[in-house]
Amino acid sequence: MLSELRQIIVASKNFGCGSSREHAPIALSHSGIKAVLALSFARIFYRNSVDGAHLLPIEIEKEAYENISDKDQLEIDIQKGEVKNITKNKTYKMKPFPDLI
């Protein structure tokens with residue numbers, strides 16, 4: 001499970017748009033980011049993140065995006081397919097990873 005502060009970015013739609021090279025997820029990874037929670041991802045950013053094992057691109061529902069605040073502590077459980085907001089005691093479903101991943 002991932003739960004340390006400042007290791008997760010919460011973003012809106014089409015995160016990573018315009019980053020056609022693997023440098024975008026590498027740069028985020030080197031700055032300490034372990035996961036990005038977003039409504040959707042640019043396809044190439046998603047694949048570069050996964051292929052290089054740089055960070056986890058996790059798609060979330062709009063409800064999660066709208067209810068997670070800047071200082072909330074989050075926990076990601078990939079096996080359960082959940083993102084838990086520890087601060088607000090709420091749990092949200094994440095979109096499952098494709099079988100290939």
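Arg 47 and Asp 51 are four residues apart in helix α2 (residues 43-51), so about one helical turn separates them; helices (H or I, at least four residues) and strands (E, at least two) are DSSP runs, numbered from the N terminus. The two residues form a salt bridge, with 2.6 Å between the closest N and O atoms; the term stands for a side-chain nitrogen of Lys or Arg within 4 Å of a carboxyl oxygen of Asp or Glu. The model is predicted: local features need pLDDT of at least 70, side-chain atom pairs count only at pLDDT 80 or more, and totals for chains, interfaces and linings use all residues. Residues are numbered from 1 along each chain as its sequence is written, and side-chain values use heavy atoms, with hydrogens and water left out.

**Salt bridges**

- The count comes to five salt bridges, including the Arg 47 and Asp 51 pair.
- Side chains of opposite charge can pair when their charged atoms come close.
- Arg 47 is partly exposed, at a relative accessible area of 31%, whereas Asp 51 is exposed at 54%; buried means under 20% relative accessible area, exposed over 50%, and partly exposed in between (1.4 Å probe, protein chains only).
- Lys 62 and Glu 66 form another salt bridge, their closest N and O atoms being 3.8 Å apart.
- This pair lies in helix α3, with Lys 62 and Glu 66 four residues apart, or about one turn of the helix.
- Lys 62 and Glu 66 are both exposed.
- A salt bridge also joins the side chains of Asp 72 and Lys 88, at 3.2 Å from N to O.
- That pair links distant parts of the chain, 16 residues apart: Asp 72 is in the loop between α3 and β4, and Lys 88 is in the loop between β5 (82-85) and β6 (90-93).

**Surroundings of Asp 72**

- The loop that holds Asp 72 runs between α3 (62-67) and β4 (74-77).
- Asp 72 is buried, with a relative accessible area of 11%, while its salt-bridge partner Lys 88 is partly exposed at 36%.
- The side chain of Asp 72 makes a polar contact of 2.8 Å with that of Asn 85; a polar contact is a pair of N or O atoms within 3.5 Å, where within protein one must be able to donate a hydrogen and the other to accept it, and residues adjacent in sequence count only if both atoms are side-chain atoms.
- A polar contact of 3.2 Å joins the side chains of Asp 72 and Lys 88.
- With neighbours within four places in sequence left aside, Asp 72 is in contact (heavy atoms within 4.5 Å) with Asn 67, Asn 85, Thr 87 and Lys 88.

**The β sheet**

- Three strands form an open sheet in the order β4-β5-β6, with antiparallel pairing; two strands pair if DSSP finds at least two bridges between them.
- β4 and β6 stand at the edges with a single partner strand each, so one side of each has no neighbour in the sheet.
- Neighbouring strands of this sheet are turned by 20° against each other on average, direction ignored; axes are lines fitted to C-alpha atoms, for helices over the stretch in contact, and angles run from 0 to 180 degrees between N-to-C directions.
- The antiparallel pairing of β4 and β5 runs over four bridges, and Asp 77 has Glu 82 in β5 as its bridge partner.
- Four residues lie between the strands in the hairpin of β4 and β5, where Gly 81 takes a positive phi near 70°.

**Aromatic residues**

- Phe 15, Phe 41, Phe 45 and Tyr 46 form one aromatic cluster.
- Four aromatic pairs are counted on the rule that rings of Phe, Tyr and Trp (its six-membered ring) pair if their centres lie within 6.5 Å, with planes under 30 degrees apart counted as stacked, over 60 as edge-to-face and the rest as tilted.
- The ring centres of Phe 41 and Phe 45 are 6.2 Å apart and the planes are at 0°, so this pair is stacked.
- Phe 41 and Phe 45 are both buried.

**Ala 64 in helix α3**

- Helix α3 contains Ala 64, which is buried with a relative accessible area of 1%.
- Ala 64 and Leu 37 are 27 residues apart in sequence, and their C-alpha atoms are 9.3 Å apart in space.
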